[in-house]
Amino acid sequence: MHPTEPSTPTAGAAQAAPARALWRELGDAIRGTSADYTKIPLRRAVFLLAVPMVLELVLESTFAVVDIWFVAKLGASAVATVGLTETFLFLLYAIGIGLAMAVTAVVARRTGEGDHQAAAVSAVQAVWIAVLASVPFAVVGIVYARELLQLMGADNWTLTHGVRYLQWMLGTNVLIMLLFVCNAIFRGAGDAAVAMRVLWVANGLNLVLDPMLIFGFGPIPALGVEGAAIATVIGRGVGVAMQLWILLRGSRHLRVATAQLGLDAATFWHIVRTSLGGIGQMIVAMTAWIFLMRIIAAIGSEAVAGATIAIRIMMFTLMPAWGMSNAAATLVGQNLGAGEPGRAEASVWRIGWYNMVLTVGVSVLFFLFPRELMGLFTAEPAVVDIGAEWLRILSYSYFVYGWWMVAVQAFNGAGDTVTPTKINLVFFWLLQIPLAWLLALHLGLQATGVFWAVFVSETSVGLFTLWLFTRGRWKTVRV
């Protein structure tokens, strides 16, 4: 026997040990753990939080892409219906995401401080706020759906077939609000695996129902673009039911008691005040997108469809980066609550590098295969041309998006939602919109002008936000 043979099993076992440890950690991340993210090794904390958040948003973005793939079979006007409806949903998303930022910050800070009862009370008040905020959108969406589409320059097909789609989406917007807010509660508490499972169920059900309701299946009639909305409502409704049940049953880090279900005025208004910056932050960004879509709508339905598909592809590729950025928000909030600002900052830099590697890889894909990516959703040459051009322009600075997202979430996780609001106001309203109008309509570049305006403004805002993060004032914010 060769003298080195006895050592072979030991060497093999040593090599297999890291792989087994990785699988154990992956299982823990997906199942969820009771770990204290302010005390365990930072690399493990990032992994346990980021994995479920990335998987959660990957499925969310998968749904967004598959949904538009089904709708695209109905033609460019059907895609434009979805795109124009989303311009109004963006206002709703602004409130939902802005509120979710505040909820994550408050729940994470209370959790880091070890005050789980206060975290539960904050969770309940956030649910009340979400329900109340949804009512005006539901009324306007149901009553004035046709007028809203006319306002956005919809074509005749959309005004004939798209009104019901808009009514479904805005009329049931409470489901969107609750999905945002309840998952923000779970993430802030450190129960990222719960948020992941909720969206898995909601979007999985949505994906199954989408083709059945759009194209018909057995006794189910073909409902067209309206069927896409109904599938979404059913999926979201089941997801929200899961969230509320888990909150009452209790997760690993948070449980709401029956006695805490009432209104608590002090906590209610504290969350409202904290959320104003986040809501303003998102409203500035979302309304900027509405203006951009109005400019694109003036160019034609093909331009709207191309932009809508391109933005869905962009969302799909950015969701993993958003997932990791959400992990940064939780780690910043909990570590500041635990009195560990240095650890909070270190988590942001670690996640920022992960994001940059991801977005650089996507940039290469966008640059080399933009037409092939668009071709997965539509065969209409004009739509492919417009969307492919935007993807290629995006590729030139896509890596900045990864740093921008994690820096913004660091501010939001710390509870400083006002600073990103001011930044967005300058770079989106005062730079992006005027520049898009000038290039697209005044100088005649059409959709190309809009895309270059987005490139200039969002690259600038990303670099500036990262620089501001390095100054460190976010560490002193009180929540």
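This briefing describes a surface patch and the salt bridges of the structure above. The model is predicted, so local features need pLDDT of at least 70 and side-chain atom pairs count only at pLDDT 80 or more, while totals for chains, interfaces and linings use all residues. Residues are numbered from 1 along each chain as its sequence is written, and side-chain values use heavy atoms, with hydrogens and water left out.

**Nonpolar surface patch**

- A nonpolar patch on the surface has about 790 Å² of accessible area together, and its members include Val 360, Phe 367 and Trp 452.
- Such a patch joins nonpolar side chains (Val, Leu, Ile, Met, Phe, Trp, Tyr) within 5 Å, from residues with over 30% relative accessible area and no salt bridge; areas come from the Shrake-Rupley method with a 1.4 Å probe, only the protein chains shown counting as cover for residues.
- Helix H13 (residues 341–368) gives the largest share of the patch, five residues; helices are DSSP runs (H or I, at least four residues), numbered from the N terminus.
- Tyr 396, also in the patch, lies in the loop between helix H15 (381–395) and helix H16 (398–414).

**Salt bridges**

- The count comes to five salt bridges, each a side-chain nitrogen of Lys or Arg within 4 Å of a carboxyl oxygen of Asp or Glu.
- Arg 164 and Glu 226 form one of them (3.3 Å, N to O).
- Because Arg 164 lies in helix H7 (residues 163–171) and Glu 226 in helix H10 (residues 225–249), this pair ties together parts that are 62 residues apart in sequence.
- Glu 226 is buried, at 17% relative accessible area; buried means under 20%, exposed over 50%, and partly exposed in between (1.4 Å probe, protein chains only).
- Asp 385 and Arg 371 form another salt bridge (2.5 Å, N to O).

Definitions and conventions: Patch = residues over 30% accessible without salt bridge, like charges linked within 9 Å, V, L, I, M, F, W, Y side chains within 5 Å. Helix = DSSP H or I, 4+ residues; strand = E, 2+ residues; numbered from the N terminus.
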